[in-house]
Structure formats: structure tokens, C-alpha cells
Amino acid sequence: MNIESTKSKLKDVFIASDHEVDNNEKYSRDGQLTKKKLIEYLPAMMVTNLSVLLLVTVDGLVVGNLVNENALSSVNVIYPAVSFLGIASILVATGISTSISRQMGKGDQMALRRLKNAGLKLMLIVAVIISLLQIPAFYFIIDSYHLKGELLDMTWAYSIGIMLTTPFGLVSTVGVYQLQIIGKMKILAALAVTEGIVNLVFDLLFVGVFKMGVAGAGYGTAVASIVRCIITVIFLIKKTDVYNSGGVKGTGEDIKTILTCGLPECSYSVMSTIQAYLFMHIVLSYMPDDGGAIRGVCTFCYTLVYIFISGVVGSMRPLAGLLSGANDTRGLRILVKQCLNMCIILIGIATVIIELIPWLFFSIHGVKDPTDLGISSLRIYGINFIFSGINSVFLLYFSNRKDTKFATTLTVVGNATLPLFAYIFGSVIGPAWIWFSYTVMNIMILTVYIRRYLGWIQKDKENDDPNSKTLYMTVKAEEAIEASRYIRNYAQENDFPLRVANRASLCMEEMAAYAKQSQKNDKLLIQIIVKFTKDEVFFMMLDTGECIALDEDKDVQKLTTDNYELIKRLSKSVEYQYLLNMNYTRIVV
């Protein structure tokens, strides 16, 4: 592959343009709809992640300043055990959210209900299992560090509170992902802020007022987690239908589907846990005196950066599921480009700040005079942040493409190299360079991800039916009549039956006109896909307006417009859903 070809392919991956070239200059696919939704979701997701991801980190801040550096080390020594227990939460939560969001895109209501029921059962079963398994898991991990004296006592004291949070944390994590896929981002933010405030208040109360030491921080986290879990469950029951399967029972195949969808991100968590465990051993061997504190500061900075990473990925998750379920591969590519660009910009700004003032992050942990080793470690570690964010976007993409075997294998192999690189860099270059192993690992994974992603683009092009043609359009409400004329002309130029083209274009006119009329909004973002075959036309429309009028006939929702009967007569089938604060209509003519 020559240099120019490589540049062209990388530009196709990372440079997000407003339009995808499809020989349709006037109505070419516009990325404004997904960009608008990402921008709408991002602030709430970032607030959510700021509160959720800082739960344990806030513990470190409190005990580091109110107790001592050993207390700060104990919070971070326990991190691999916390990550180990989080594996089950990630498996269940990502599996449920990915499988359900894809099914929402497909529009199969019976399959959707089965998945809801299967997900609820799986969540409860796993919560019970990990509650029992966590005690030996904590014992094994803590014992393997061969800690002594005050540090050992503090680590066990902190772990008791953390173990209390485990089952409640799993239910809350699943709830976070469920609220994401139905677009309840503001509720997510409110719940997360509540949890964060409760955790901070009880940390300060137990540690500062009642002088309970590091154990108080663990109990504070437990109280916050329980409160968050209770509120989340009540909201999901009262205000959503995510637990309501209408009496439909999930099957073993549905549980398999959920677990398969959750496997890529779960495998990442597994390897991260093993990696964190081995890495802590390496850190303590090269930095016996202040390694735990340095690791705590580095983890805190990554937590801050991960607010942006998880914010972008969390905003992307429901949209990616919807687009992949609808088999809108072009829309999914536009979404990936937009998310990659958002990650690079946001993480880049955060990384520059960390690189310029690393001492500040030690100071707020109670380390007033950080060593040169600590400063160098943080700066070297910060190099990997952007690569980690990009990899997270690709990982979600491959999960939605059901490329789970590849994503899982690469995650396992790639992450397994980190302790080896850390040991080599620490021995050959110096202790601070063990942190560079993260950058090397993430670059290796990213290189393979890009090649695989380009392969998917090529496969999508090769899988296009030569006997069909697809128009990807962005249409303003006032352009409906002119756009319908374009659809008819396109069909005629490509020798498709004008009869079905006329029906499809008329449906588009009626849908766009009704959306404008019912929502009283001239600036709707309307995205349309029109796929022509020899015998029929598939029409899909997304718009960003308010939910249009619905009649509920049992559990089936039908679109009601002045010309609804006309649309039904013109079409073989009409399906309508209101998803992610958007109208989603599918018509077969």
C-alpha cells in the first residue's frame, strides 16, 4: 500500500465530511441529524460519567487529604478487585443495551419483548452470583499483594464497603445503559449527580466527622450506590417499559444473544482487570515507596479523561444500535467519523492540560511535593489517552456489526502484552517508562482496528445488490415535493418501475408534510433512505421532531395522519416508532 493510498484511507476513516458521495448532490446524506443527537446527548452523558466514574476516585481524594498516603494507596490497591467485579456488570449491561437497541432498529416487537424479559432475568441471576463470589475474589487479590501492617488493614477495611455495593452497582449499571438506549440522558445525569453528591457527603461525614478512616469511604460509596439503585429501579418501573415484556418469556437463545453482544466490551474488562492486577505488582516492585500513590493519581487523570471517552461512546451507543439494526451502514460510518473527531478534540484538550500542570493532580490528592518520578510517570501515561478513546469508538462499532469474535480476540491478545511491555520498559529505560506500555498497546490495537474497519467498508460495498439502488437523502420539510420528483426521476433513470417510485415519493411527501404540520417546525432534520428493487421500494425516514400523534390499539402503535389511509393503501406495510426523541418510520411499497 503506497503512502498516498494510506493517506486516502485514513482520511476516509477519520475526516468527517458533511456529505457522503453517492451521485446525489442536492439531497446527499447529511450528517447533521446524528451530529445534533450526539451534541444533545453528550452534556448529560458527561455529567453522568463525571459522577459515576469519580465514585471510587473521590474516595481517594477524601482519604488522601483527611487520612494519609497509605489510605490513598489502599483505595488504589483494591482497584483490580473492583474491576474484577465490574466485569459481570459490563457483560450484562452492554449485552442488554446492544441487543435491545439493534432490535429497536429492526422493529420486531415480539423479539424486543423476549430480550427485555431475558435481560431482566439475567441481571437478577448475575447479581446474586457475584454477591457470593466476591468474598473469595477479594481475599485472593488482596492476599497476593503480600501487604503488611497499616496498608493491609486499611485495604481490608475499605473493601468491606465496596463489597456491599456490588449487587446494587450491577443493577444501576444495567439501568444506565437501558436509559441510554431509550434516550433518557437528562434522567441519567440527575441520577448520577445524586449518587455523586451522596457519596461525597457520606465520605466526608464518615471519614471527617466520625473519624472512621478509610472504612468510612467504603461505607459512603455503599450508601451512594444503594440510593442510586433504588431510585433507578423505581424510575424504570414507573416511567419506562424496559422491564415490561408484556408477559412474553425470554428464551435461552435470547440470553445467548445478550451475552454475545456484551462479550467484546466484557473481554476488554477482563483483560483490563488482569492487566491492572499485574501492573500493580510491577508498579509496587519498581516504586515500593510511592507506587500506590502515583497509580492513584494516574488513575484519577484517566478517570477525568474517560468522562469524555465514555460520554462520546455513551452518546453513540443508542444511535449505533438504531442504525445497525436498520442496516444503515452508511449512516453508521458517518456516526463513527463524528465520534472519532469528538474524541480526538475533547481528549486532546484534556491531555494538554494534564501534560502542562501534572503537579496539580498530585496536590489535590494530598501529595504536596511530588517526586520527579511521579511527574514523569503521569506525563508518559497521558500519551495513551487519545488512542484509548479512539479504540473505544471502534470497539462499539464492531460490537454493533456483530464482529464479536474479532473484537474479543484482539482485545485479549492486545491487552495481554501490556505487563510484558511494562516490565521491559521498566528494566531497560527506567521505572517511569512502565507507563509507556499503555501507549504501545493501544497503538497496536488501533492499527488492527483500522484495517478491520476498512475491510468492513469494502465488504459493505461488495454486498450491495447489483439489482438494487439506494438513495441516502437529507430533505427539508419544505423541499418534500421537489425531493419526491427527484426520487421519481432517479427511478426512471435507473430503470425501476415508475409505479412503485410514484407510491414511495408520495409517501415521502405526506410524511414530511405531516411532520412539519404536526410539529410546527420548519427546521426539522429529516433523513431518508429509499432502496429500489425490481418489485418494491423500501422507505425509511428519521426526523428530529416531537412525537407525532399516535393511536394505541392494544400494544400496537400506528401513525395517524389526515392521509394515513392513503399511505396504508399505497404501501405493503407501515411501521412507526418514537425512538431517541426521533420519529422512525419504515414503509415498504
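I looked up Arg-401 first, and Arg-401 is buried, with a relative accessible area of 15%. Buried means under 20% relative accessible area, exposed means over 50%, and partly exposed lies in between (1.4 Å probe, protein chains only).

I noted what I am working with. This is a predicted model, where local features need pLDDT of at least 70, side-chain atom pairs count only at pLDDT 80 or more, and totals for chains, interfaces and linings use all residues. Residues are numbered from 1 along each chain as its sequence is written, and side-chain values use heavy atoms, with hydrogens and water left out.

I searched for salt bridges (a side-chain nitrogen of Lys or Arg within 4 Å of a carboxyl oxygen of Asp or Glu). Side chains of opposite charge can pair when their charged atoms come close. The structure holds 9 salt bridges.

Which residue forms a salt bridge with Arg-401? I found Asp-460, with the closest N and O atoms 2.8 Å apart. Asp-460 sits in helix H17 (residues 436-462), while Arg-401 is in the loop between helix H14 (385-400) and helix H15 (404-416). The two are 59 residues apart, so I noted a link between distant parts of the chain. Asp-460 is buried too, at 9% relative accessible area. I also saw a network of salt bridges that links Arg-333, Arg-401 and Asp-460.

**Entry: helix H14**

Helices (H or I, at least four residues) and strands (E, at least two) are DSSP runs, numbered from the N terminus. H14 has 16 residues. From first C-alpha to last, H14 reaches 23 Å, close to the 22 Å expected at 1.5 Å a residue. The expected span is 1.5 Å times one less than the number of residues. Is H14 mostly enclosed or open? I counted 14 of its 16 residues as buried, so H14 is largely enclosed by the rest of the structure. Lys-402 follows H14, and its phi is positive, near 60°.

**Entry: two further bridges**

I checked Asp-241 and Lys-116, whose side chains meet in a salt bridge (3.3 Å, N to O). Asp-241 lies in the loop between helix H8 (214-239) and helix H9 (252-286), and Lys-116 in helix H5 (residues 109-144), so the pair ties together parts 125 residues apart in sequence. Asp-241 is partly exposed at 43%. Lys-116 is buried at 10%.

Arg-586 and Glu-575 also meet in a salt bridge (3.5 Å, N to O). Arg-586 is in strand E7 (residues 582-588) and Glu-575 in strand E6 (residues 573-579). Arg-586 is buried at 17%, whereas Glu-575 is partly exposed at 35%.
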